[in-house]
Amino acid sequence: MNRRHQELIPSFRRPISRVLIRHAPDYQRELGSGILESLKEFHLQVRGKTVLLKANLVGLDPLGILNTHPAVIAATREGFLRLGASKVFIGDGPAMDRDTESILESVRLREFTGPLAGVFRDLNLDDVARVALPTRASLMKELYLPKTVLGVDFLVSMAKLKTHHWAGVTLSLKNMFGIVPGGCYGWPKNVLHWAGIDNSILDINAAARPDFAIIDGIVGMEGNGPIQGTPKAAGVLIFGDDPVAVDATGCRVMGLKPEKVKYLAKAGILLGNLEVAKIQEIGEKVDGVRKSFSVLEEFHELRE
Amino acid sequence: MGQPFALRATRVAAMWKQTDSNAEFSFVKEFCVPFLIGAQNLDGGWGFYPDSESRVEPTCWAIRALQNAPVQVPDDHLRNARESLLAAQLGDGSWPATPEEKTGNWVTSLACSVLSPDRECKNSVSAGLKWLCEDYPRDSAPWRRVIKKFVPGNHVSEHDDSFRGWGWTPRTASWVEPTAFAIQALSDSPEDWKPKEWPQRQKLAIGLLYDRVCPKGGWNSGNPRVYGVEGEALVLPTGWALLALHDQPTHERKSKSLTWLVDNFANIHAPASLAIARLTLETYGLKLPPTNQKLPNLFDARECLRTTEVVSWTCLSLSPKRFWFPQAENAN
C-alpha cells in the first residue's frame, strides 16, 4: 500500500532536476498537444499504470481563476492516457467547502473531461489508511491519508500559480494539503495549521510524494491568495518530475525568491532541488517569462 | 429543535400534508431508501460510498434519513446501525472519525444527536455530551486572548475571541459547522441527559455563530473577513448554522442570512447544497424560490458523487413527514 514512501536523498547526492516551462497564452489554443509534448519530454514510465491527477480545487470558481483550470486537467488526463496509462483519475479534497460537487459544477469540469463517474475521487471522503510521517517536521507523527492516493502507481500534483496569505506561495507542494481527508480532519483541515503549515507541507509531501508536478500559470493569482487575491496572467505551464524544483521555478517566474519561502527552503534540504544550479531549464527560460506577482506585506522579503 | 422528540413528531404528524410532487416521493421511495439500505455494511454502519468502510459520519446521516423516511424501513437495519454506532464510541464518551482512531472529534455531535431519540442510549449520549462540553477550542483560551491583546499587528481576522464554539478536532479552533452540529446535539437531547454546564456552552456557541456571519449574510467555514477582505458565504455552513439557530429568538443576522440563502437558492447546482438549503427554508416556513434544479433530476443527470451523506440529505429534505427539522406549517 505505501509505495508512496520513497527514500529521502541528501541534496549532494541528488541528480540535476529538469523543469520545462511552456508558453501558453490561454486555455484554448493547442493546449492538449502542448501538454502531451511536454509530458513526452520526461519519458514517463506510465504505460499500463494508474495515475492520479491531484488538482487544486479550492472553491467555487465560475471565472476560472482559483482552481487548476479544467482545460489543463482534461488535457493532462488525455495526455497520460495517450502515453498508455491504464486509468487516470482526477481527485482533490477541497479544504473550505465540503460540497465538492458544487465546485466541480462551478468550474464545469464535466464539460472538459466528460462523465466524472469512476474518474473523479473526492479525497475528503475516500477510505483512509494511517501513515507514519517519515520527516516528523511538524508536531504530527502520523496522518490518515486516502487509499486512492496511496494506491495509485503515479501521482501528479497539479497546482495553480498563486501567492498564499499564510505560506507565501501555493504551488505543487502546498497543493498536497488537499490529499488530507476532510472526513477525518474537517473543513478546513485545521489540525495542519496547528501543527504548523510549513512543516505540515513537508510531512505530507514526504509521506505521499508526487511523482510529477504541473503548475497552471496561464492565469495565476497574486496578492491575498489563494482565494481572495487578484488574477494575474503569466501565460505559462511548468512541468517537472521534482516538485521542489518545479515550485522553485514557479517562484522565480512570479519574481519571488524560493529560498525565502520557509517550507521550500526546508524542502530543498529534504525533498528536492531548489538551487538554480541544480535545475536544468528546458523550454522557455525563467528570464523570458518572469512576471512580478504582488504579495502581502508580511511576505515582502520574498520579492527578488 | 427545542421541543422534546415525541412532541415534535406528534406536531408534524398532525400537520403533515402531501407535497406537491409525487415524483419527489417516488424518488425517496424508489431511489434514496433502497440506496441507503443497499449501502449498509454487514457491521451495521455505512461508509461515505457504497462498499467503503463504515465511518461514524455517514452512519449518522444514513440513520437520520431512514428514521425520517416516509416509507417503512425494516427494524433490523436501524437496530444494527444503532449497535454499530454504540460500538464505535470511545471510552471517554466521544466518537472518532475512523475505526482505528482513538481520539474523538466533531462526529460526536452527530452521534449524540442521532441517538438522542432512543431512551436506551441515555448513558452513551450523556457521555458524549459531557465530552463535548468539556472540549474547549484552544484558539480562544483565556491566556491566548490576553497575549493577543498585547501583541500588535496580530489581527489577521476580526473575530471576537470571547465567544467559543467547537472545532473539527479537539483543541484546535472554533468553526461554524462543528459548532452548529454541537448546538443541535444539545438541542436534540433531553434535558436530564446534558451536563450542567451546557447552557453556558450553548450561549457562547450561539454568540460565536452570530459573530462569524459574513458581511453580506450567511456563513462560510468561519472566516467572515480575512486581512480586511470580506468572505463569501457558502450554502452548507449557512444551512447548518440557520438550522442550529432555528429555535433561537429573532436576530438581525439570522434574518440577513436567511435572505442570503433565499437570494442564492436559484444558483445552487449540486444536490448536497440544494437539499440542505431546502431543508433550511422549509424549516423556517419560507417558500422555496423558483429554480431550474430539482433534486431527483440532479441525480439523474449526474452520477459521480452519490455519497451516503448526499443521498441521506436528499432523502431528508424530500421526506414530508420528517420529524427532524420538520416543514413549518406555512412552508410552500
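The model is predicted, so local features need pLDDT of at least 70 and side-chain atom pairs count only at pLDDT 80 or more, while totals for chains, interfaces and linings use all residues. Residues are numbered from 1 along each chain as its sequence is written, with chains lettered from A and ligands numbered from 1 in the order in which they are written.

Chain A comes to twelve helices and eleven strands (DSSP runs numbered from the N terminus: H or I of at least four residues, E of at least two). Its radius of gyration, taken over C-alpha atoms, is 17 Å, close to the 19 Å of the globule rule for 304 residues, so chain A is as compact as a globular protein of that length (the rule being 2.2 Å times the number of residues to the power 0.38). Of these residues, 60% count as buried (20 or more other C-beta atoms within 10 Å of the residue's own; exposed means 12 or fewer, partly exposed in between, with C-beta atoms placed from the backbone).

Strand β6 (residues 142-146) of chain A has four of its five residues buried, so the rest of the structure largely encloses it. Strand β5 (residues 128-132) of chain A pairs with β6(A) in the antiparallel sense over five bridges (pairing takes at least two DSSP bridges), and L145(A) in β6(A) sits opposite A129(A).

Over in chain B, P34(B) belongs to helix α2 (residues 22-39). P34(B) counts as exposed because it has 12 C-beta neighbours inside 10 Å.
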